[in-house]
Amino acid sequence: MTFSVDRPELRNPGDGYERFKNGMASMDKILEKNGLKRALNMGVLPMRRRSSSRP
């Protein structure tokens with residue numbers, strides 16, 4: 001699934017982020033309806049960074 005955050009034109013600071021959050025919420029509803037969930041969430045990122053073997 002994809003969604004656009006910059007169309008229509010952004011008019012106010014933070015509009016793009018609000019559109020992003022709305023798009024993610026919509027996708028979460030569709031996934032939940034089908035018994036699924038996102039594979040990666042923000043809570044996992046700090047843990048993933050610490051366990052990464054990259055310098």
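Arginine 38 is partly exposed, with a relative accessible area of 37%; partly exposed lies between buried (under 20%) and exposed (over 50%), found with a 1.4 Å probe and protein chains only. The model is predicted, so local features need pLDDT of at least 70 and side-chain atom pairs count only at pLDDT 80 or more, whereas totals for chains, interfaces and linings use all residues. Residues are numbered from 1 along each chain as its sequence is written, and side-chain values use heavy atoms, with hydrogens and water left out.

**View 1. Aspartate 28 and arginine 38 form a salt bridge.** The closest N and O atoms of this pair are 2.7 Å apart. The pair links distant parts of the chain, 10 residues apart: aspartate 28 belongs to helix H1, and arginine 38 to the loop between H1 and helix H2 (45-51). Helices are DSSP runs (H or I, at least four residues), numbered from the N terminus. Aspartate 28 is partly exposed, at a relative accessible area of 25%.

View 2. The structure holds two salt bridges (a side-chain nitrogen of Lys or Arg within 4 Å of a carboxyl oxygen of Asp or Glu).

**View 3. The buried residues of H1 are Gly16, Gly23, Met24, Met27 and Leu31.** They cover an arc of only 100° around the axis, which puts them on the same side of H1; the arc is that of the directions from the helix axis to the C-beta atoms. On the other side of H1, Lys29, Glu32 and Lys33 are exposed. The end C-alpha atoms of H1 are 27 Å apart, in agreement with the 27 Å that its 19 residues should span at 1.5 Å a residue. Just after H1, glycine 35 has a positive phi of about 70°.

**View 4. Phe3, Tyr17 and Phe20 form a nonpolar patch on the surface.** Together the three residues have about 300 Å² of accessible area. Such a patch joins nonpolar side chains within 5 Å, from residues with over 30% relative accessible area and no salt bridge. Phenylalanine 3 lies in the segment before helix H1 (15-33) and is partly exposed, with a relative accessible area of 32%.

Definitions and conventions. Patches are made of residues with over 30% relative accessible area and no salt bridge: like charges are joined within 9 Å, nonpolar side chains (Val, Leu, Ile, Met, Phe, Trp, Tyr) within 5 Å. Accessible areas come from the Shrake-Rupley method with a 1.4 Å probe; for residues, only the protein chains shown count as cover. Helices (H or I, at least four residues) and strands (E, at least two) are DSSP runs, numbered from the N terminus. The expected span of a helix is 1.5 Å times one less than its number of residues.
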